[in-house]
Amino acid sequence: MVGPVLRAGAWPAVAGVSGVAVVVGGCGAAFPTAASVLFPVCFALLAAAAAFTLDEPASLVVDVTPTGPVRRTTIRAVALLAPLAAGALVLLAAAMRGLALPWAGAGLALAGNVLLGFAVACVVRTRTGEPGAATAAAVVLVLMAPSLVPHVARWVRTFPAPGAGGPSSDHVWWTVLAVCVVAIAISVGGRGPRWRAHRGRPTGVNCVRNIRAVEGRAGTRYQALTGIRGPHKMKERLR
Amino acid sequence: MTTMIAPGRAQAAAGRTTFVALAGREVRRFAVNPVFLFGVGMTAWLTSTGPGASVTEIDSANPLPAGFLGGFGMMAAFWLTRSMRDSEPVVGVTPTAQPARSAALCTVAVVPLICGVLTLFAFLHFYPLGSPVYGPFSPSARIAILAGQIVVPSLGGPLLGVALGRWARFPGAAFVLFLVIFGWVQLVTILTLSHQDSAPIAVLRLFSPFAFFTLHADAGGVTAWRGSPWFFLGWQLALCAIAVLVALLRGAEGRARSRIIATLSIAVATAVIMLVLAATGGFPHAVTA
């Protein structure tokens, strides 16, 4: 089960955006004077990568399979290791270059960014099968607000700047982490409108209706999940 | 002869009518896009609050309209372009070819351009050309700086979004590009702080759709970095032309494709020349006034 669910993930998007983040963060490590500007950009990209982990083009079928949202989300959460590893690589490179960053705060910011992207994706996933693009864009804009708007930077900081005054980013990220955990728990607990509608074992009617809706565009995803070779076979079995 | 020409003219007139109708529809869709409206709202708010005490040189106020009108306009145009992708099998068989539809999409850039021009006037109200925040630049160069940092990014952002939407398959390409451009501009600007007179660093700084030209000097006054604002404006306009041509290239066939490729090569050559002139023109070294 774990293998097929992970295989169905939007790995090109997660890996691609994480790769761009590593390049941006690598530039921050290579040019220490630019690190305080480029690391927030890198972390925002990692949050965007995390938002793509729950994308499921065959959601109409997958959502009515016996595998519940908790299990699917738990398995997909393994994909968060990619953006987390990318962020850790960037911080390691910065440490090797001798950057004087508050490492605990930077690590917390990394975890907070990634979890924020994932939590928002979890919430939006209750409405749509592919929350990645919209969620990632929204999360990026929110995370970049302090960099884009000086008025916001006076009140909120998303990255710990060494030796700088003003608000601490740690308070922001502890709060965000707590809110994210609650949001994830609520959204995967089946209380979202879409998953609530499909709670429990699916009926044959629902399955066939959903299979018809995705027939021809999501050919193999549910095959991996259900072990049934094709829509017509599944229909036959349900009859 | 008359009977042979008449159908051609009628076809051209019908094509123009279709294009105008399509362009009007796309402009309406773009103008009510929430992302673009948010960008316009933020620009209006930040501009209307006027100069803050922290604005000691023009470059500390200019990036905001460029980011909100150009950057957010790019994302809105990208989504607008991609929104038709799923219906391409149906739309693709209509008499209107994809390049014509791309051209109609490119016309949406008029909306942020108008917003950019209005913002420019607002800036001139708060920061008149005689203001010391412009540093040692001449009055004409000051106009070029404002146009290059406010008006042209507002035009170029949506055009880039259309080109990206036509070619990029990844749905998050717009915000990734936005962040990459943002990071690049910050990186080369920070490098310029420590290498103010370096020609290669000046080229890198200007090799971007947006560039800074001034810096508040620690000893007082404003430092103007090397580079010609007028030629930079030319480089930006060449980038806009490249974006339009790249968007039109998608789906173009036969003679039209050859013409677009030929024009594209001219635009690229012009852009390179403008970049070199922008880096070598203007002040030969940093000047503080």
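## A look at chains A and B

Leaving out neighbours within four places in sequence, A:A47 is in contact with A:N113, A:V114, A:L116, A:G117, A:V139, A:V140 and A:L143; contact here requires C-beta atoms, placed from the backbone, within 7 Å. Keep in mind that this is a predicted model, where local features need pLDDT of at least 70, side-chain atom pairs count only at pLDDT 80 or more, and totals for chains, interfaces and linings use all residues. Residues are numbered from 1 along each chain as its sequence is written, while chains are lettered from A and ligands numbered from 1 in the order in which they are written.

A:A47 also belongs to the largest nonpolar core, which has 148 residues; A:L45, A:A47, A:A48, A:V140 and B:M75 touch the most other members. Such a core is a set of buried Ala, Val, Leu, Ile, Met, Phe, Trp, Tyr and Cys residues joined through C-beta atoms within 7 Å. Buried means 20 or more other C-beta atoms within 10 Å of a residue's own, exposed 12 or fewer, and partly exposed in between.

Now for where the chains meet: the contact takes 21 residues from chain A and 15 from chain B.

Here's chain B in brief:

| Property of chain B | Value |
|---|---|
| Span of the C-alpha trace along its principal axes | about 75 × 40 × 40 Å |
| Buried share of its 289 residues | 47% |
| Share of contacts between residues at least 6 apart in sequence that join residues at least 24 apart | 83% |

Chain B has 11 helices and 3 strands, counted as DSSP runs (helices H or I, at least four residues; strands E, at least two) numbered from the N terminus.

Notes. Contact = placed C-beta atoms within 7 Å.
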